[in-house]
Amino acid sequence: MNIPAPILIIGIGNPSRGDDALGPMLIEHLEALALPDVELITDFQLQVEFALDLQARQKVIFVDASLNAAPPFTFTPVVAAEDTSYSSHALSPSAVLHAYQKLFGEPPPSSVLAIRGEAFELGEGLSEAAKTHLEAALEWLRKRLAEMTAD
Amino acid sequence: MSPVAQFKNLETAIHPETLRRVAIDPISRVEGHGKVTLLLDEEDHIQQVRLHIVEFRGFEKFIQGRPYWEIPVMVQRLCGICPVSHHLAASKALDQIVGAHHLTPTADKLRRLMHYGQILQSHALHFFHLSSPDLLFGFGSDMAKRNIVGVAAAYPDVARQGVLLRKYGQEVIRHTAGKRIHGTGSIPGGVNKNLSLAERDELLKDVYQIIGWARGAVHLTKQLFEQNLAEYNAFGRFPSHTFSLIRADGAMDLYHGGLRAKDMDGKMIFDHVNYNHYWEQISEEVKSWSYMKFPFLKVLGPEKGWYRVGPLARVVQCDFIPTPLADKERQDFMAFDAGNPAGSTLGYHWARMIEMLHAAEAIKELLHDEDLQGTDLVVTGEHQEVGVGMIEAPRGTLIHHYHVDENDQVIRANLIVSTTHNNQAMNEAVRQVAMQYLDGRKLTEGLLNHIEVAVRAFDPCLSCATHALGKMPLQVELIDAEGKQIDQITRGVCDQPTDRC
């Protein structure tokens with residue numbers, strides 16, 4: 001059985017819905033860097049089975065577009081918490097951690113990189129503001145990952 | 001009163017302006033945006049019930065103008081819940097465009113394997129994650145417990161199996177579509193890869209366990225029926241016609257077949273009709289109060305011709321299921337309590353688990369088939385301008401219909417998704433439940449949840465909203481007789497989780 005990479009980054013969003021593509025696009029950029037010790041996953045939304053991907057990780061980062069994050073992005077710790085997203089096909093990062101807690105025990109330390117988005121229409125590309133936010137988030141995360149893997 | 005429109009009188013109240021309005025907006029544990037409105041008089045008697053769908057109407061426009069070979073990948077972005085169904089329905093339509101009327105055995109079987117992986121993961125998510133909390137704890141039970149976390153605490157094995165069943169289905173998709181999401185495995189005329197021996201062996205390793213768990217889930221639904229027989233049989237019950245694809249020998253076939261429709265007594269309306277001319281069999285009615293159309297069988301007309309699709313319709317109207325364990329369960333289901341669950345709304349759950357078992361068995365059979373390692377992947381023939389693809393998606397019949405011009409661009413597209421077929425049936429179920437449980441009573445969250453339980457049984461996938469942080473597709477409003485908002489709560493993916501989101 002393969003040993004999972006210590007750092008897991010999950011990009012969330014639909015690439016065809018305007019700024020909702022921020023998460024998957026950041027993952028695309030990271031893939032090009034071929035970072036060691038980092039596994040990258042992308043999906044439309046989080047669901048309960050993502051709890052399985054969190055097993056044996058040292059650090060998990062959820063990357064998503066946000067309507068409320070201060071531009072260009074925010075990076076905040078997230079802990080297991082029950083919220084009402086359980087009742088939808090799309091779970092919040094907190095709810096995934098909560099499901100992990102119930103199924104497997106204490107989840108790995110996790111954070112949310114919320115990149116400010118503005119428009120989410122089907123068939124649209126990234127807005128100009130979102131492109132700037134993506135660049136800033138990518139640059140910051142690249143440095144942060146270099147520090148983390150050096151540790 | 002016609003047996004197929006027994007709550008027609010609740011579709012439109014005579015004097016709606018005098019009534020109190022309650023909105024469940026949108027429905028939780030269904031995808032996208034759905035809303036139920038109830039109009040109540042001063043004694044809390046139900047006068048009008050409507051399930052409204054905020055359907056996204058941009059799909060066809062999204063597709064128009066694109067080269068046809070991009071479509072099987074593009075359409076996966078229409079829906080984060082059933083992308084594989086769109087991938088395969090589009091591929092089937094485009095097979096016709098490229099003149100591929102008979103795929104190679106490798107291509108046909110690989111697509112089937114992908115499809116059964118999708119059925120397995122979708123049905124597992126719906127039952128274990130979205131519906132089992134209601135079924136295991138009761139429709140009106142403590143809201144704090146009525147969720148998957150509550151299930152994990154009280155029934156840890158059930159919760160764990162649900163997660164692993166879904167994960168297994170997604171692994172099948174990953175190996176057949178090439179990627180976890182946005183797969184490219186199916187292309188016009190065939191597939192672009194086979195299943196390697198290593199991939200086959202990895203999937204074979206767990207498949208017997210998966211079959212065992214799927215069988216256990218069927219027995220769990222049966223047990224729930226046995227324990228709550230009268231309530232389950234009566235809950236949201238209404239007679240309706242059924243509609244699905246069917247194999248030439250009458251077997252359930254979720255990937256391909258002719259059209260079959262039966263009436264509420266099980267008598268055949270039509271059978272083995274070529275779906276390339278589906279518009280000769282079904283049409284769609286528009287109602288002013290809903291964005292989603294109301295399909296009906298043309299031969300019976302809009303008043304009497306509406307029908308059910310999805311697991312219950314498929315299990316009830318097939319002659320047999322072509323895998324042994326699932327067919328045994330189908331026979332038990334049809335014989336149980338003189339066939340009553342086969343006509344009940346909650347029978348969807350039992351039928352869905354029978355299909356999940358069938359999908360697991362079909363995956364096992366396909367994994368043992370050497371054709372999956374074949375190298376003859378694509379066929380082509382004489383191009384044509386029009387293609388229709390139809391598939392039995394997890395929620396029911398899915399139709400993709402394209403017109404392509406001489407420049408290979410899609411100039412017209414028509415998509416009829418599974419949930420649209422069930423539009424009238426869902427409305428009927430909601431009206432039935434409203435009369436059974438809410439009429440004349442003070443409304444509580446537990447009572448309103450009964451409405452949601454009825455809608456959830458169909459596993460509707462209403463639209464394909466973005467789920468960005470802070471974007472709140474789920475919202476509940478309570479509005480009094482004067483139209484003033486008394487309370488509201490939103491459900492969705494918050495930046496800062498609180499009890500209000």
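Analyst: Chain A has 4 helices and 5 strands. The model is predicted, with local features needing pLDDT of at least 70, side-chain atom pairs counting only at pLDDT 80 or more, and totals for chains, interfaces and linings using all residues. Residues are numbered from 1 along each chain as its sequence is written, while chains are lettered from A and ligands numbered from 1 in the order in which they are written.

User: What makes a segment of chain A a helix or a strand?

Analyst: DSSP runs decide: H or I over at least four residues is a helix, E over at least two is a strand, numbered from the N terminus. From that end, the order in chain A is β-α-β-α-β-β-α-β-α.

User: Why does the radius of gyration of chain A agree with a compact globule?

Analyst: The radius is taken over C-alpha atoms, and the globule rule is 2.2 Å times the number of residues to the power 0.38. For 151 residues the rule gives a value near 15 Å; chain A has 15 Å, so the two agree. The C-alpha trace of chain A spans about 40 × 40 × 25 Å along its principal axes.

User: Why is helix 4 of chain B called largely enclosed?

Analyst: Buried means 20 or more other C-beta atoms within 10 Å of the residue's own; exposed means 12 or fewer, partly exposed lies in between, and C-beta atoms are placed from the backbone. In helix 4 of chain B, 29 of the 33 residues are buried, so the rest of the structure largely encloses it. Across the 501 residues of chain B, the buried share is 54%. For chain A it is 52%.

User: How do you know that the length of helix 4 of chain B agrees with expectation?

Analyst: The expected span is 1.5 Å times one less than the number of residues. Helix 4 (residues 105–137) should therefore span 48 Å, and its end C-alpha atoms are 46 Å apart, which agrees.

User: What bend does helix 4 of chain B have at Ser131(B)?

Analyst: About 65°, with Pro133(B) following within four residues. The bend is the angle between axes fitted to the seven residues ending there and the seven starting there. After the helix comes Gly138(B), with a positive phi near 105°.

User: Which residues of chain B make up its two domains, and how many are in contact?

Analyst: Domain 1 is 8–56 + 440–491 and domain 2 is 59–421, with bounds from an automatic or database domain assignment. Contact means C-beta atoms, placed from the backbone, within 7 Å. By that test, 23 residues of domain 1 touch 25 of domain 2. Helix 15 of chain B gives the largest share of the domain 1 side, 9 residues.
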